[in-house]
Amino acid sequence: MQLKDFMDLKKLQEIQDKFSDSTGLAAVAVGINGEYLTEGSNFTDFCMRYTRGCAEGKRRCIKCDTEGSGTYFCHAGLMDFSIDIMVNGEKLGAIIGGQVLPNPPDEDKFREVARELGIDPDQYIKALQKVPVLSESRIRSAAGLLGIVVNQLVNLEYFKHNNADRLEVLQTEITNSTKLIQAINDNTGNLKTIANRQKILSLNASIEAARSGEAGVGFAVVAKSMQDLSSQSAVIYNEIEKSVSEITKTITTLSALFQEENEQS
C-alpha cells in the first residue's frame with residue numbers, strides 16, 4: 001500500500017509548505033522506498049548545494065537520513081527530524097526535514113568541516129549565515145506537531161477512501177427509506193380518511209337504527225361496533241404518524257451529515 005493509492009498528495013504538500021513557512025524548518029515527504037512524494041519546502045543551499053553537493057558530504061548525509069529518527073543532530077551540527085507516517089501499524093513513508101541551527105554557529109568549527117568536505121570555507125560560511133536559528137525545544141515541538149498533523153491527515157484520508165463505497169450504499173438506502181416513508185405517509189393519510197368516513201357512516205347508521213325502534217336494535221349494535229373500530233383505527237394511524245415523523249427526523253439528520261461530508265471532500 002502506498003500513500004498515493006488513497007489520498008491526494010496536494011493536501012500533504014499544502015500542510016508541509018505552510019509548516020515550513022511558519023517555522024523556518026525544511027520538510028519533504030518520502031515514500032517507503034525513499035522516493036519523494038512532495039516537493040521540498042525551505043531547503044537551504046548550505047545543506048543541498050554545498051554539504052550534499054560534494055561526495056563526502058552526501059555520504060554523511062545519507063548515513064544520517066538512514067539512521068536518524070525523531071529529532072536529531074546531523075553530522076554537520078544542524079538539527080533534522082524524521083517522523084514515520086503510519087496507517088494501521090504499517091509504515092508508508094516519513095516526513096523528514098529540519099536543517100536549522102539550535103544555537104548561533106561556531107564559524108571556526110564549520111570552516112573546519114568545509115575543509116574536510118573539500119568546500120570553499122568562505123562560501124560555506126556565507127551559506128551557513130542564511131540557515132535559521134531556533135531553540136532546540138522549539139525545533140522538537142514543531143517537528144512533533146507536524147508529525148501529529150500529517151499522521152491524522154493520512155489516516156483520515158485512508159478511512160474516507162476505504163469507506164467511500166459503504167457510505168455511498170448507505171446514502172442510497174437513506175434515499176430509498178425516504179421514499180418508503182413518503183409512501184407510508186400517503187397510505188396512512190388515505191386510511192385516516194376512510195376511518196373518518198366509517199365514523200360518519202356509523203353515526204348515520206345509529207341514527208337510522210334509533211328511528212327504526214325495536215327493528216333496528218341489531219343494526220344499532222353493528223353501527224356501534226363500526227364506530228368503535230373507526231375510533232381505534234384513528235388512534236393507531238396517529239401512532240404510526242408519530243413513529244414515521246421520528247424516523248423522518250433521523251433520516252433527515254443522516255442525509256444532512258452525508259451532504260456536509262461530501263461538500264468537505
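Residues are numbered from 1 along each chain as its sequence is written, and side-chain values use heavy atoms, with hydrogens and water left out. In this predicted model, local features need pLDDT of at least 70 and side-chain atom pairs count only at pLDDT 80 or more, while totals for chains, interfaces and linings use all residues.

Helices (H or I, at least four residues) and strands (E, at least two) are DSSP runs numbered from the N terminus. Four strands form an open sheet in the order 1-4-3-2, with antiparallel pairing; two strands pair if DSSP finds at least two bridges between them. Strand 1 and strand 2 (70-73) are the edge strands, each pairing on one side only. On average, neighbouring strands of this sheet are turned by 20° against each other, direction ignored. Axes are lines fitted to C-alpha atoms, for helices over the stretch in contact, and angles run from 0 to 180 degrees between N-to-C directions.

Nine bridges join strand 3 and strand 4 in the antiparallel sense. Ser82 has Ile96, in strand 4, as its bridge partner. Helix 1 (residues 9-23) packs on the sheet and touches strand 1, strand 3 and strand 4, where contact means heavy atoms within 4.5 Å. The direction of helix 1 makes about 155° with that of strand 1.

Ser22 lies in helix 1 and counts as exposed because its relative accessibility is 52% (buried is under 20% relative accessible area, exposed over 50%, partly exposed in between; 1.4 Å probe, protein chains only).

**Pocket and cavity**

On a 1 Å grid over the protein atoms alone, a cavity is a set of points where a 1.4 Å probe fits but cannot get out, and a pocket is an open set with protein on both sides within 12 Å along at least five of seven lines; lining residues have an atom within 4 Å of a point. Grid points are joined across faces, edges and corners, and a volume is the space filled by probe spheres set on the points.

| Space | Volume |
|---|---|
| Largest pocket | about 620 Å³ |
| Largest cavity | about 50 Å³ |

Of the 34 residues lining the largest pocket, Val30, Arg52, Asp65, Tyr72 and Ile96 are the closest to its centre. Strand 4 gives the most to this lining, with six residues.

The lining of the largest cavity includes Gln2, Ile32 and Leu92.
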